Amino acid sequence: MSTAAPRTPFPAGTALGYPRIGRRRELKKALEAFWHGDIDRAELDRRAAELRRTTRERLAALGLGRTDSSIPESFSLYDQVLDAAVAVGVVPADEYFLAARGEGGRAPLEMTKWFDTNYHYLVPEIGPETRFTAVADQLVGAFEEAAADGFTTRPVLVGPVTFLALAKPSGAAPEGFRPLSRLADLIPVYAELLTRLASVGAEWVQLDEPALVSESLPDAPSAVRTAAATAYTALGRLETRPQLFVAAPYAALGDALGALASTPVEAIGLDLVRGSIPADLNNCTADALKTKTLVGGVIDGHNIWRGDLAAAFAKLQLLRDLSPHVSAATSTSLQHVPHDVADEPQLDARLSSWLAFADQKVEQVATLAKGLSRGADAIAGELREASLALADRLGAPGVRVPTVRERLAGLQPGDFERGDYDARVTAQAAATPLPALPTTTIGSFPQTAEIRRARAARVAGSLTPAQYDEAMKAEIARVIALQEELGLDVLVHGEPERNDMVQYFAEHLDGFAVTVNGWVQSYGSRCTRPSILWGDVSRPAPITVDWSSYAQSLTSKPVKGMLTGPVTILAWSFVRDDQPLGDTANQVALALRDEVADLEAAGIAVVQVDEPALRELLPLKKADQDAYLAWSVGSFKLATAGADVATQVHTHLCYSEFGVVIDAIRALDADVTSIEAARSRMEVVDDIARSGFDHGVGPGVWDIHSPRVPSQAELDELLARAVAAVPGSQLWVNPDCGLKTRGYDETIASLTNLVAAARKARELVS
């Protein structure tokens, strides 16, 4: 449409995105069938199209309009950043899955966490030589598909500033190069994409710019704001384009609001769950906002609580002081929450009444939109019902448990400190002698079809508890024997009894509930079921001790006790929002502290407390980061500080950008820290060397998120780089992460190469 054409109003209510995996993980099943060769690309595309159609119909049934652009066209076959990379020609369309998964000698793109969420995106690689070209087929095709079914939807694309700010320099880029410097070359490509969408009838396009709210990116916030002003001034001046809705989820826009307000964009999205109503605006920004539609993200897209609908509506009313044009929305895409509470009939009915999954959140948005259009009286009943549910939740049994709170209140500073590291090293070397560059894995071994069938049979009652235990013990014995045959130095029991590293603990701790169909996409076809942490947490009985002690009885080599850390349990659960996260983390930590003590008493000399999510919860605003790091580090230390000096405490971190949180990792005071490093080709060792980190460290050498088997030569190269940067006395050799998602053939081949590479690398440090 021409910028001079009559405006089509922004819808009164919308969601920034919707889960794309399907209510029963249909996307996961289709992708894996395609990768395994069971279906062809045409059938994959057919199933994807059916998912998109189902989503549009569902959103319309929940209250979004069929023809007013309120339904976001946010589907992705794998990842929205990868989609953007294809749309601007950085990744060829026919190499989509190759970039995502790798193949043979071709490594996949690096993968890391999407802002402070548990979603992983693929990191584009851009250099001075990278050519940009518009490839609008996917965007246009989805819009036309919707139009054929009677929908006018809103195409969604990662915005140009965020796309470049999240990219990494290509291998050919000179020192100091930043992809954001290529903005002037990228803007015309986005302009062409917008023009193509306008030509097929798109009235609004959503460009996601969460980079504008973050202060934790390589580019300075001021540079990102300037880039946004440049990009949206240029795109806004296009003669033919849809109207532009720029969404900035995950935190407050802050000073970036003025940058966007100064441009011709028609609508600006504000996260009013993580942020607040903008105040103290200068005259220019205040005047500019009066001409914009302000899309208030008042329904929490991160979490699953029903929330205070009256408070959300009050925020929207206050937003009208800034602009007469206000719409209701989710704070983020709903890709971070499951589909529907109604799919969880096994949950306690009282608990269910406190919850809102994606479908319920869309209904909440529709209610607020009705209130904006017709007045508060039109939704008085819905507001009252939500308030009653909130009051019921706060006063329910189990939400506050006096004995748990008394134990927390009685903690002393000494409960968070373990003692001198050098003394621990000496005691551990005597208790558990190990070679240089010891080899180990991160915890889980492949979850075979037989394991999954046994777990399902136990749930169904066709396998007795005793029969199930025998099946798990047989798998543990197999895994121990395999590790001994491969020559690993510190073994694991393989975790066959665990459905998920968080859910397993949630099932054994008071204060948690688990779902059956509450799946959330982690990356690609990988889905998780976050548990629901609704009340005060305690441990009724030991959780892992019997499995670990059985594994240790099968070998003279040390077997690690495997626990999930308090921060990760919080990060990968839907956590109560009625008290500080630090208090909740310490409740979990005390339960884990008891488990560590019981593992020691059972003869386990090495205990790993995984914190792969430590970095992902780091607040995007620097002013909030010190407080977060204080309680997150404190909860880990509370969980582990009771361990004996001779007990070697490990931790593991994923996608942690070691250099960003190096001080926090040092403060954890774990004896050994393993960290993902393979996809970044061991870049992390430079951060380790610069920081002077002096504890044990295992930078991963095998990227387990790809099905390819790394050659020994590849692992030799990675270890040589590690040995050149970090003293050999500190180094461990391990995969990037657990092996749950891998098959046994690739696991055996990869670990064989890993052990051989470690033995060769020992020659470099001898």
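pLDDT is the predictor's confidence in each residue, on a scale from 0 to 100. The structure described here is a predicted model, and its chain averages a pLDDT of 95, with 98% of the residues scoring at least 70. Residues 1-6 stand apart from this picture: their pLDDT stays under 50, and the model has 15 contacts for them beyond four places in sequence. Where pLDDT is low, the predicted coordinates should not be read in detail.

**Helix 3 and its surroundings**

Helix 3 is largely enclosed by the rest of the structure, because 8 of its 8 residues are buried. These buried residues are Gln 80, Val 81, Leu 82, Asp 83, Ala 84, Ala 85, Val 86 and Ala 87. The elements they pack against include helix 4 (96-101), helix 5 (137-148), helix 6 (160-166) and helix 7 (183-199). Two strands also contribute to these packing partners, namely strand 4 (120-122) and strand 6 (154-158).

Both ends of helix 3 have a local feature to report. At its start, a side-chain oxygen of Asp 79 comes to within 3.3 Å of the backbone nitrogen of Val 81. Just after the helix, Gly 89 adopts a positive phi of about 80°.

Strand 9 (residues 243-248) has 6 of its 6 residues buried, so it is largely enclosed by the rest of the structure. Burial extends to both faces: Gln 243, Phe 245 and Ala 247 lie on one side, and Leu 244, Val 246 and Ala 248 on the other. Strand 10 (residues 267-271) is likewise mostly covered, with 5 of its 5 residues buried. On strand 10, Ala 267, Gly 269 and Asp 271 form one covered face, while Ile 268 and Leu 270 form the other.

Strand 9 pairs with strand 8 (residues 204-208) and the two run parallel, joined by 5 bridges. Strand 9 also pairs with strand 10 in the parallel sense, over 4 bridges. Val 246 of strand 9 illustrates both pairings: Leu 207 stands opposite Val 246, and Ile 268 is the bridge partner of Val 246 in strand 10.

**Aromatic and charged contacts**

The model contains 13 aromatic pairs. One of them joins Trp 35 and Tyr 78 in a tilted arrangement, with 6.2 Å between the centres and 55° between the planes. Trp 35 belongs to helix 1 (residues 26-35) and Tyr 78 to the loop between strand 2 (72-73) and helix 3 (80-87), so the pair ties together parts that are 43 residues apart in sequence. Tyr 78 counts as buried because its relative accessible area is 3%, under the 20% limit for burial. A further pair, edge-to-face, is made by Trp 114 and Tyr 121, at 5.7 Å centre to centre and 80° between the planes. Trp 114 and Tyr 121 are both buried. Ring pairs also link Phe 34, Trp 35, Tyr 78, Tyr 96 and Phe 97 into a cluster.

| Charged residue | Ring | Distance from ring centre |
|---|---|---|
| Arg 25 | Trp 519 | 3.8 Å |
| Arg 393 | Trp 305 | 3.9 Å |

**Two buried loop residues**

Asn 303 is located in the loop between strand 11 (293-299) and helix 11 (309-319). Asn 303 counts as buried because its relative accessibility is 13%. Leaving out residues up to four places away in sequence, Asn 303 touches Val 337, Ala 356, Lys 361, Phe 574 and Val 575. With Val 575 there is also a polar approach: a polar atom of the Asn 303 side chain lies 3.1 Å from the backbone oxygen of Val 575.

Asp 671 occupies the loop between helix 24 (662-668) and strand 21 (672-675). A relative accessible area of 2% is why Asp 671 is classed as buried. Beyond its neighbours within four places in sequence, Asp 671 is in contact with Arg 418, Tyr 421, Arg 424, Gln 428, Thr 647, Gln 648, Val 649, His 695 and Gly 696. Within this set, the side chain of Gln 428 is joined to that of Asp 671 by a polar contact of 3.0 Å. Gln 648 is 23 residues from Asp 671 along the chain, and the C-alpha atoms of the two are separated by 6.0 Å.

Notes
Residues numbered from 1 in each chain as written. Heavy atoms only, no water. Buried < 20%, exposed > 50% of the residue type's maximum accessible area, 1.4 Å probe, protein only. Polar contact = N/O pair within 3.5 Å; in protein donor to acceptor, adjacent residues only side chain to side chain. Contact = heavy atoms within 4.5 Å. Phe/Tyr/Trp six-rings, centres within 6.5 Å; stacked < 30°, edge-to-face > 60°. Lys NZ or Arg CZ within 6 Å of the ring centre and 35° of its normal. Pairing = 2+ DSSP bridges.
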